[in-house]
Amino acid sequence: MIPAVGFDLDMTLIDSRPGIREAYRALTARTGVFVDADLAVSRLGPPLRDELRHWFPAEDVEEMVTTYRALYPDYAIAPSVPTAGAVEALAAVRAAGLRVVVVTSKLGRLARLHLDHLGMRADELAGDLFAEGKASALVEHGVRWYVGDHRADMVAARTAGVPGIGVVTGPCSADELWDAGASYVLSDLTGFPALLSEIAVGSGPSAG
């Protein structure tokens, strides 16, 4: 298997806040239950159910997951954009002869809509996974470094036994990413090609 670099999706490869904000506003309009969309998008990363529990009774959460996901394609895809350096980061991975694997907490079919809309090609995509739950997909798909914006992504990398590369483009600070076990921390993906050129020499899980 050709080695791979793994990426989280939301706030790592894409800034999905504009679209997710619209999806939450649509959910409020549909249900009549206020969801503070600005607050919700400030803490992206954990699974959808975690956020919905802040706004809906426990017995309604699963129904709201279904409703939100039905609204998502119409409201959340078009407004979302690549994060700074994301397109170049993926190009750098391919130029290094490596594969791109996206492992995200977002449902796989919705993640695929984002990637297709933005023309971002992934060799493999694994969705509906979070924190330690991402580790099995990282191992299965030959990921040697995992890039993410959340401390849970660094936990995933550590659990899989690969270096975690944190980017400070989501809700977690550099200190939080370091504390969660990051091997490297970048301000955004614009610095990733240079880092990859260093750590991919003699590429292996412990490189760098």
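The model is predicted, so local features need pLDDT of at least 70 and side-chain atom pairs count only at pLDDT 80 or more, while totals for chains, interfaces and linings use all residues. Residues are numbered from 1 along each chain as its sequence is written, and side-chain values use heavy atoms, with hydrogens and water left out.

**Figure 1. Surface and burial of the chain.** Of the 208 residues, 51% are buried (buried: under 20% relative accessible area; exposed: over 50%; partly exposed: in between; 1.4 Å probe, protein chains only).

**Figure 2. Fold and dimensions of the chain.** The secondary structure consists of 10 helices and eight strands; these are DSSP runs, with helices as H or I of at least four residues and strands as E of at least two, numbered from the N terminus. The C-alpha atoms fill a box of roughly 55 × 30 × 30 Å along the principal axes. The radius of gyration is 17 Å, which agrees with the value near 17 Å for a compact globule of 208 residues; this radius is taken over C-alpha atoms, and the globule rule is 2.2 Å times the number of residues to the power 0.38. Among contacts (heavy atoms within 4.5 Å) between residues at least 6 apart in sequence, 60% join residues at least 24 apart.

**Figure 3. The pair of Tyr24 and Tyr68.** The structure holds four aromatic pairs; rings of Phe, Tyr and Trp (its six-membered ring) pair if their centres lie within 6.5 Å, and planes under 30 degrees apart count as stacked, over 60 as edge-to-face and the rest as tilted. Tyr24 and Tyr68 form a tilted pair, with 4.9 Å from centre to centre and 35 degrees between the planes. Tyr24 belongs to helix α1 (residues 17–31) and Tyr68 to helix α4 (residues 61–75), so the pair links distant parts of the chain, 44 residues apart. Tyr24 counts as buried because its relative accessibility is 3%, and Tyr68 counts as buried at 4%.

**Figure 4. The pair of Phe34 and Trp55.** The ring centres of Phe34 and Trp55 are 6.4 Å apart and their planes stand at 80 degrees, so the pair is edge-to-face. Phe34 lies in the loop between α1 and α2 (37–41), and Trp55 in the loop between α3 (48–52) and α4, so the pair ties together parts 21 residues apart in sequence. Phe34 counts as exposed, at 57% relative accessibility.

**Figure 5. An aromatic cluster.** Tyr24, Tyr68 and Tyr72 form one aromatic cluster.
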